[in-house]
Amino acid sequence: QVQLVESGGGLVQAGGSLRLSCAASGSIFSFYKMDWYRQAPGKQRELVATVSTGGNTNYADSVKGRFTISRDNARNTVYLQMDSLKPEDTADYYCHTTRLGVEHWGKGTLVTVSS
C-alpha cells in the first residue's frame, strides 16, 4: 500500500509564499507520476500540478508562472512551491498518485490566503 502525507500548509497574506511537501512510503516512489490537487469550499477538486517520473511538469492555467512542482526521488518527496499567492488559492491541497490502477490520496493540508 502507498501512504502519502502532506505538510506545509498554513495562513499567508496575499502575495506571499508557501512550500508544500508530500512524503510517500510503501512503494517505489520513482516509478510513479505525482500530482497536487486542491479543493476549495463548495468547489470540485481540481488538478493543480503534475510531475512525471522523468521530472516533466504540467500546471493548471490558474497557477502557471506562480507554482512549481518538483520531486526528490531519493527522499520519496514531492514539493509544491507556491509564490504570489492569491485569496482564490485558498483550499485544501492533496497529494495524489496512482499505483496499479488504484488511486492514493493524502489527507490534505490547508492553505489559507488572506487579502
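1. Ground rules. The model is predicted: local features need pLDDT of at least 70, side-chain atom pairs count only at pLDDT 80 or more, and totals for chains, interfaces and linings use all residues. Residues are numbered from 1 along each chain as its sequence is written, and side-chain values use heavy atoms, with hydrogens and water left out.

2. Where Lys33 sits. Lys33 lies in the loop between β3 (18–25) and β4 (34–39). Strands here are DSSP runs (E, at least two residues), as helices are (H or I, at least four), numbered from the N terminus. Lys33 is partly exposed, at a relative accessible area of 41%. Partly exposed is the range between buried (under 20% relative accessible area) and exposed (over 50%), using a 1.4 Å probe and protein chains only.

3. What Lys33 meets. Residues up to four places away in sequence aside, Lys33 touches Thr50, Val51, Ser52, Thr53, Arg71, His96 and Thr97. Contact means heavy atoms within 4.5 Å. The side chain of Lys33 also makes a polar contact of 2.9 Å with the side chain of Asp35. A polar contact is a pair of N or O atoms within 3.5 Å; within protein, one must be able to donate a hydrogen and the other to accept it, and residues adjacent in sequence count only if both atoms are side-chain atoms. Arg99 is 66 residues from Lys33 in sequence, yet their C-alpha atoms are 9.3 Å apart in space.

4. Arg66. Look next at the loop between β6 (57–59) and β7, the place of Arg66. Is Arg66 buried or exposed? Arg66 counts as buried because its relative accessible area is 10%. Its side chain has two partners to check. Arg66 reaches the backbone oxygen of Ser84 at 3.0 Å. Arg66 also makes a side-chain to side-chain polar contact with Asp89, at 2.7 Å. Beyond four places in sequence, the contacts of Arg66 are Gln81, Met82, Asp83, Ser84, Leu85, Lys86 and Asp89.

5. Ser84. Ser84 is partly exposed, with a relative accessible area of 40%. Check its backbone: phi of Ser84 is positive, about 50 degrees, although the residue is not a glycine.

6. Asn76. Asn76 is in the loop between β7 (67–72) and β8 (77–82). Its relative accessibility is 26%, so Asn76 counts as partly exposed.
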